[in-house]
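Dear colleague,

Please find the structure that we discussed placed below.

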Amino acid sequence: MTQQPTLFRRYRVSLALASVGGFLEAYTYVTRDGVFANAQTGNIARMGLYLAQGDLMKTLRYFVPVLAFMAGVTLSLQLRRLRKDWERIMLYIMGALLFLVGLIPLDRLSVLATVTVSLVCALQVESFRKFGDNSFASTMCTGNLRIATEHLNRYFATKDRMALRVSLQYYGIDVVFACSVLVGYWVTKALSVRAAWCPIAVYGALLILFRRDLNKT
């Protein structure tokens, strides 16, 4: 018999996590001088540009979030190896980090805020990266877009309805991400740095669902 997916591999959970990813993208853009902290492509590109210009301080500024992202991936892997309940612990860690981000004022220690969000995004994208047997990213869109389009082309070539379904699921994740950027923009405009606390509610809801799943087993 095929094993049923755990809570954290359900598609609806993937959508919830994508909403956090989109929200945080807008949050750092609004509060931290237009910086995106979810994915590191932009930071690495800026590192190269500033290094070419000989500006070592700005090079270092964009190198620190990359290090934070690497640290987040490493922490996720180690916690997964050491603890059976690593998913629950990871949600607590990410929620605590976002709570701290919401305490960092504007124009002061902004680098610390973006680095911490980068750490949260690394923890999330490495820890919760599948719905069913399909890999996805909850804090960035490019990979999801590529896989969705591959499955859509497969459907047109073979009329395989499962390929169409998977394609729409991937597109759905990116749509939720984009809508959450919109919501995150307006919420952050209204709440400023405290908006970082909003995604904690999503993590809390997942913890409640996780507890219910455990009680059913």
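The notes below describe the overall fold, then the cores, and then individual residues.

First, the basis of these notes. This is a predicted model, in which local features need pLDDT of at least 70 and side-chain atom pairs count only at pLDDT 80 or more, while totals for chains, interfaces and linings use all residues. Residues are numbered from 1 along each chain as its sequence is written, and side-chain values use heavy atoms, with hydrogens and water left out.

Overall fold

The protein contains eight helices and two strands; helices (H or I, at least four residues) and strands (E, at least two) are DSSP runs, numbered from the N terminus. Their order along the sequence is α-α-α-α-α-β-β-α-α-α. The C-alpha trace spans about 55 × 45 × 35 Å along its principal axes.

Of the 217 residues, 43% count as buried. Here buried means under 20% relative accessible area, exposed means over 50%, and partly exposed lies in between (1.4 Å probe, protein chains only). Contact means heavy atoms within 4.5 Å. Among contacts between residues at least 6 apart in sequence, 73% join residues at least 24 apart.

The accessible surface comes to about 12000 Å², and 64% of it belongs to carbon and sulfur atoms. These areas come from the Shrake-Rupley method with a 1.4 Å probe; for residues, only the protein chains shown count as cover. As to charge, there are 25 positive and 12 negative side chains, and the centres of the two sets lie 5 Å apart. Lys and Arg count as positive and Asp and Glu as negative, whereas His and the chain ends are not counted. The place of a charge is taken as NZ of Lys, CZ of Arg, CG of Asp or CD of Glu.

The nonpolar cores

A nonpolar core is a set of buried Ala, Val, Leu, Ile, Met, Phe, Trp, Tyr and Cys residues joined through side-chain atoms within 4.5 Å. The largest has 32 residues, and those with the most contacts inside it are Phe8, Leu24, Leu91, Met94, Val120, Phe128 and Tyr203. Helices α1 (11–31), α4 (86–101), α5 (110–127) and α8 (198–216) each supply at least two residues of this core. The largest share, eight residues, comes from α4. Leaving aside neighbours within four places in sequence, Leu24 is in contact with Asn38, Leu98, Val117, Val120, Cys121 and Pro199. A second, separate core of eight residues includes Ala18, Phe136, Ile147 and Val166.

Buried residues and their contacts

The contacts listed here likewise leave aside neighbours within four places in sequence.

Gly102 lies in the loop between α4 and α5 and is buried, with a relative accessible area of 0%. Gly102 is in contact with Tyr27, Val193, Arg194, Ala196 and Trp197. Gly102 and Ala195 are 93 residues apart in sequence, yet their C-alpha atoms are 6.8 Å apart in space.

Ala122, in helix α5, also counts as buried, at 0% relative accessibility. Ala122 touches Phe69, Gly72 and Val73.

Helix α7 (residues 161–191) holds Thr188, which is buried at a relative accessible area of 2%. Thr188 is in contact with Phe23, Tyr27, Val30, Thr31 and Ala195. Ser167 lies in helix α7 as well and is buried, with a relative accessible area of 0%. The residues that Ser167 touches are Ala148, His151 and Leu152.

Residues with positive phi

Lys159 has a positive phi of about 60° although it is not a glycine. Lys159 is located in the loop between α6 (142–158) and α7 and counts as exposed, at 54% relative accessibility. Ser192, also not a glycine, has a positive phi of about 60°. Ser192 belongs to the loop between α7 and α8 and counts as partly exposed, at 25% relative accessibility.

Yours sincerely
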